[in-house]
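Subject: Structure handover

Hello,

Here is the structure for you to look through.

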Amino acid sequence: MTFPNAPALRTSRSLLGRTARGRAPPRPGGGPKWRRGWGKMAAGARYFCTAGRGLEPFLAREVRARLGATEVDYVLGKVFFTTAAEPGELKELKSGERLFLLLKKRVPLSVSRNKGKMLHEIKSLLTEEPKSCLDVIATWRKLRSHEGKKDEVSQESPKPHKRKSEEEINIASKRQKTEQVGETVPEECQAGAGENCVVSEEESDQECQTENKTSLEGPPKSSTEQPTENEKQNFSFRVSCRCSGAIAKILTSQEIGRAVGIALRKQFGWQADLRTPDLEIFLHLNDIHSVVGIPLFRLPLANREYIRTAGLRSTVAWAMASLAEISVGAFVLDPMCGLGTILLEAAKEWPEACYWGTDTSDSQLEGASVNIKTAGLDDKIELFKASVKALPLPSESFDAVISDIPFGKKFKITKDIQLLPDILQEMERVLRVGGIIVLLLNQDLRKRMDGSAKTAENESLHAISDGAGETTAVKALNNDGNSSTSGTGVEEPVLSCGQMCFGSLVPDGIYEVSLGKTDAFIYKYRKISTAGN
């Protein structure tokens, strides 16, 4: 497959977009599929969704906007919320990993050397209020029945496969592999029932982690502990336990899962099935909280069926696109598009914009082309071969530039890092005044970025006074006037008053996110004047 060296870029005023003065103000993160104007919401179910470290504010913002969620609260790695949304709407969440129906949420367990006492406290999470537990399970069954057989087919679809490693592809595909280590290993460990899987935890304050689908063999139910007719449910179950921190030093996941499984058999008369259970109970126990939930979908939300070849982690790509303030008719560019993940996530969420992607690698462009065709976005995304250092594009022709800067294998410094100022200048040139640049950088690139930029505190403060200092995500998170954090180590986005300007680009926030074993930083800039002025 060959790609043109330059696009037939449409230059008419109507196609290139309206001027900054004539544009409608961008809707904060609001694509056409997001819910708006709901008014007072009916009572719904309580959920929690896991998120990559640093993406909790994005997910909190998304559940409010997309699902009309209330009672939104987040801690490290999880977002809790209430919504009456249907399963199909829940599956549309883009910044979360796994979605659970919440059974119980409590403060951390009291840790002692008395294992029996600790196990009793854990079992009580599910057995002390049987009616409440059964009510949640009834909600789960209703959601599952509402979803129907169509969901079962879609959840069996295979995961996106990786391309064979080539020099040009390693940058994107190896990064995706690195990102998935900390997030997918626990799920893979669960496949071996009865095994004790120990994996590393992203959070530095969590020293160890175990996750296991445990054997539930135990004594038969006592005649005095037979469940009532109302408590009996004709389905099988399995218990999965994930524990970390202080509790993991005392109890193993097997011990916890076995005790909880036997307690549930006695309480409700359910039958254990480790291979194909109807119901799965998840326990997440750590130093922050004790959470019990039921997974709503078999596959993680982050598994995009429309992405055939995986590149950057889809949740991170979506978060970057959500910062770009993409509006109807906007022109969006990824000048180092690789396999096109950022463009795919943006075009799926904001389809009424026009997207362009460039890269110097034919193999990367071929992979991106396959992804675009698989997603059915041929009419939304244009690809062409070009270097980010010399883009064959008119000045001030794009409303947003979004890019993952892929310098070096596995984020190691190379001599290419010295080209960062030239790349930024070219991105600045093609961006219209008022437009947004969103970049993903590693620690070394961040230092290079700050070293290349000049201090312009007065300009930055002036931009903040004009409304450019607080990011869209922060505004949306605080629209309801309530704090959404729980004081458990989740940091709010860093605002721009202490950051560095680059030419006409004024910083509008930095977000630290996790890519598995590696940390990265999402930089957001806004162009306030014509380049060079």
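A term to start with: a residue is buried under 20% relative accessible area, exposed over 50%, and partly exposed in between (1.4 Å probe, protein chains only). D135 has a relative accessible area of 39%, so D135 is partly exposed.

This is a predicted model, where local features need pLDDT of at least 70, side-chain atom pairs count only at pLDDT 80 or more, and totals for chains, interfaces and linings use all residues. Residues are numbered from 1 along each chain as its sequence is written, and side-chain values use heavy atoms, with hydrogens and water left out.

Overall picture

The protein chain has 533 residues, and 55% of them are buried. Its secondary structure comes to 13 helices and 17 strands. These are DSSP runs numbered from the N terminus: helices are H or I with at least four residues, strands are E with at least two. Contact means heavy atoms within 4.5 Å. Of the contacts in the chain with a separation of 6 or more, 78% join residues 24 or more positions apart.

Back to D135

D135 sits in helix α4 (residues 130-155). L103 is 32 residues away along the chain, and the C-alpha atoms of D135 and L103 are 9.3 Å apart.

Helices α7 and α8

The axes of α7 (residues 314-322) and α8 (residues 341-349) come within 8 Å and cross at roughly 60°. Axes are lines fitted to C-alpha atoms, for helices over the stretch in contact, and angles run from 0 to 180 degrees between N-to-C directions. The two helices are therefore oblique to each other. (Under 35 degrees is roughly parallel, over 145 roughly antiparallel, 65 to 115 roughly perpendicular, the rest oblique.) On the α7 side, S314, A317, W318, M320 and A321 make the contact; on the α8 side, T341, I342, E345, A346 and E349 do. These residues divide into six nonpolar, two polar and two charged. Here Ala, Val, Leu, Ile, Met, Phe, Trp, Tyr, Cys and Pro count as nonpolar, Asp, Glu, Lys and Arg as charged, and the others, Gly among them, as polar.

Aromatic rings

Rings of Phe, Tyr and Trp (its six-membered ring) pair if their centres lie within 6.5 Å; planes under 30 degrees apart are stacked, over 60 edge-to-face, the rest tilted. The count comes to twelve aromatic pairs. In one, F331 and F398 have ring centres 6.0 Å apart and planes at 50°, so the pair is tilted. F331 lies in strand β11 (residues 331-334) and F398 in strand β14 (residues 398-404), so the pair ties together parts 67 residues apart in sequence. F331 is buried at 0% relative accessibility. F398 is buried too, at 0%. Ring pairs also link F48, F80, F100 and F282 into a cluster.

Best wishes
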